[in-house]
Amino acid sequence: MQTSATVLTVRRVQDYHALTLVAPAIAERFRPGQFVALAVGGEHTSRLVRRCFGVYEVKSDYGGTVELVFADREPGTAWLAGRRSRDQLDLVGPLGRPFRLPRDPVSCLLAGGGPGGAALFALADTLHRRGCQVHFLLGGPSARQVFGSRMAQRIGDSATVTTEDGSLGEKATVRDVMPRVIEETGADVVYACGPTPLLRAVTQVASEHGLPSQVSVESFLQETGACGIGVCMTCILPMHGDDGLTRMVRACADGPVLRGDRVRWGDLGTIPFDALGAPRVLTEGGPR
């Protein structure tokens, strides 16, 4: 759905910005793991590419609000950070495939890092309503780059925080402490949001412990996506299918939530030669 959303607030949260929009139609339809796409720069801008963000929280307050968390890293996000109350933004959403929820109450490990980890909190609320245990594992380079540590401690059944410089929680990475957290919490499933290297590490550890993992490739989508609806084909990535074949899927339309063990993390940004439909390699002896 495309709508004109009204800015309620824009506030600074550590190294990030939290943008709250009044968008009742999108708030009503949203499911954890989905994302929204915002037009940036105003009506007369030359910036045609929308910016895609996961959703931190939806509320019924003020008629239905949607809150996003993002880093100010380039001209488009800088423009968003400069919005004021009552400004109007062109918003499309909710987009993409959401997290798949467990049928029965289980122990869930939610791993995240950076602003992308904000999307875990809407998921945590839904899991709690299903009777699941929710355990957070959040990390970042420093304390200012770990979003939601206090919220995680408040709403989670447990919360572990790591920073590479030791300024908050344990001096470690998510990869370092995840095996221990899995053992302590008795986790049955792993959900993850955040930078691509974190998703790759989380998937590897989950697989080593025989656990299913669902990851949101929102960060990859932000770096590569242009439309958010599956038309531009700029956010494709390789995945193993049920039949063992590799196919190129769209992070926006086929994701952003994907099975972590199916993503070919080492081949992101490429089209593997063995992918279905990949260009044939030409040699002196002809195509192969």
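The protein has 288 residues, and a compact globule of that length would have a radius of gyration near 19 Å; the value here is 19 Å, so the two agree. That radius is taken over C-alpha atoms, and the globule rule is 2.2 Å times the number of residues to the power 0.38. Please keep in mind that this is a predicted model, in which local features need pLDDT of at least 70, side-chain atom pairs count only at pLDDT 80 or more, and totals for chains, interfaces and linings use all residues. Residues are numbered from 1 along each chain as its sequence is written, and side-chain values use heavy atoms, with hydrogens and water left out.

Let us start with the whole chain. Along the principal axes, its C-alpha atoms fill a box of roughly 65 × 55 × 40 Å. Of the 288 residues, 51% count as buried (under 20% relative accessible area, with a 1.4 Å probe and protein chains only).

Now to the secondary structure, which comes to 7 helices and 17 strands. These are DSSP runs numbered from the N terminus: helices are H or I with at least four residues, strands E with at least two.

Seven strands form an open sheet of mixed pairing, in the order E10-E9-E8-E7-E11-E12-E15. Strands E10 (170–171) and E15 (257–259) stand at the edges with a single partner strand each, so one side of each is left without a neighbour in the sheet. Two strands pair if DSSP finds at least two bridges between them. Within this sheet, E11 (residues 189–193) and E12 (residues 213–216) pair in the parallel sense over 4 bridges, and Cys193 stands opposite Ser216 in E12.

Conventions
Buried < 20%, exposed > 50% of the residue type's maximum accessible area, 1.4 Å probe, protein only.
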